[in-house]
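These are my notebook entries on one protein chain. I went through the structure piece by piece and wrote down what I looked up.

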Amino acid sequence: MTAKTPVEGRRLSPAEQLAAAARDTTLADILTTADADGWTLAVVKQAVLAVGRHRNEFSANDFRDLLPELGAQMVGVAVRGLATQRLIEPTGARVPSTLPSTHGHGIAVYRLTPLGRGQQQEAAA
């Protein structure tokens, strides 16, 4: 039986499940060692929501030049968290990653949800 992802709404193959587990472990390690107080993650989440307010669609590529090195490492954690909170959602589109170490691997494109837009308006008030 394959697991269904809450973010993408599709079933994962066993290989995808293993890759997702490895990814989640890596993201948890980053949070534990690099952001013990959660401050960096909170700032990165705000950056993602702010970019979403000004662009219809965005990907992790849009944050590489905006955030210092540690913040750039947190984009994946922030995006997953915001998607779990239903503040952003994947569009179904993918773009090649601009991070050299990924060799152009496809990454998801996201947009704000109505809930995410509402949160941005509350934060601005």
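**Entry 1. Helix α4.** I began with the buried residues of α4, and I listed Val-75, Val-77, Ala-78, Val-79, Gly-81, Leu-82 and Ala-83. The model I am reading is a predicted one. I then asked how much of α4 is buried. Seven of its 10 residues are, so α4 is largely enclosed by the rest of the structure. For this count, a residue is buried when its relative accessible area is under 20%.

**Entry 2. The whole chain.** I counted five helices and two strands in the protein. Along the sequence I read the order as α-α-α-α-β-β-α. The protein has 125 residues, and 31% of them count as buried. For its accessible surface I noted about 7700 Å², with 57% of that belonging to carbon and sulfur atoms. I also looked at contacts between residues at least 6 apart in sequence; 57% of these join residues at least 24 apart.

**Entry 3. α2 against α4.** Which way do α2 and α4 lie to each other? I recorded first that two packed helices are described by the angle between their axes and the distance between the axes. Helix α2 covers residues 39-54 and helix α4 covers residues 75-84. Their packing angle is about 65°, and their axes are 9 Å apart. Angles of 65 to 115 degrees count as roughly perpendicular, and α2 and α4 are therefore roughly perpendicular to each other. I noted the crossing of α2 and α4 as right-handed.

Next I wrote down who meets whom. On the α2 side I found Leu-41, Val-44, Lys-45, Val-48 and Leu-49. On the α4 side I found Val-75, Val-77, Ala-78, Val-79, Gly-81 and Leu-82. Sorted by class, the contact has nine nonpolar residues, one polar and one charged.

**Entry 4. Two residues of α2.** I picked Leu-41 and Val-48 from that contact. Leu-41 lies in helix α2, and its relative accessibility of 14% means that Leu-41 counts as buried. I checked Leu-41 against Ala-78: the two are 37 residues apart in sequence, while their C-alpha atoms are 6.2 Å apart in space.

Val-48 is also a residue of helix α2. Is Val-48 buried or exposed? At 0% relative accessibility, I put Val-48 down as buried. Leaving out residues up to four places away in sequence, Val-48 touches Phe-58, Phe-63, Val-79 and Leu-82. I also looked up Val-48 and Leu-112, which are 64 residues apart along the chain; their C-alpha atoms are separated by 9.3 Å.

**Entry 5. A residue of α1.** I moved to Thr-26, which lies in helix α1, residues 14-34. Thr-26 has 45% relative accessibility, so I logged this residue as partly exposed. Between Thr-26 and Val-77 I counted 51 residues along the chain, and the separation of their C-alpha atoms is 9.7 Å.

**Entry 6. The loop after α4.** I followed the chain out of α4 and came to Arg-86, whose phi is positive, near 65°. Arg-86 lies in the loop between α4 and β1, with β1 spanning 88-96. Arg-86 is a residue other than glycine, with a positive value.

What is in contact with Thr-113, once its neighbours within four places in sequence are left aside? I found Arg-86, Leu-87, Ile-88 and Glu-89. Thr-113 lies in the loop between β2 (106-112) and α5 (114-124). Its relative accessibility is 7%, so Thr-113 counts as buried.

**Entry 7. The loop between the strands.** I looked for His-103 and found it in the loop between β1 and β2. His-103 is not a glycine, yet its phi is positive, about 55°. Is His-103 buried or exposed? At 73% relative accessibility, His-103 counts as exposed.

How values were computed: Residues numbered from 1 in each chain as written. Predicted model: local features only at pLDDT ≥ 70, side-chain atom pairs only at ≥ 80, totals over all residues. Heavy atoms only, no water. Axes fitted to C-alpha atoms, helices over the stretch in contact; angles between N-to-C directions. Helix = DSSP H or I, 4+ residues; strand = E, 2+ residues; numbered from the N terminus. Parallel < 35°, antiparallel > 145°, perpendicular 65-115°, else oblique. Left-handed = near helix turned anticlockwise from the far one by under 90°. Contact = heavy atoms within 4.5 Å. Nonpolar A, V, L, I, M, F, W, Y, C, P; charged D, E, K, R; others polar. Buried < 20%, exposed > 50% of the residue type's maximum accessible area, 1.4 Å probe, protein only. Areas by Shrake-Rupley, 256 points an atom, 1.4 Å probe, with all protein chains shown as cover.
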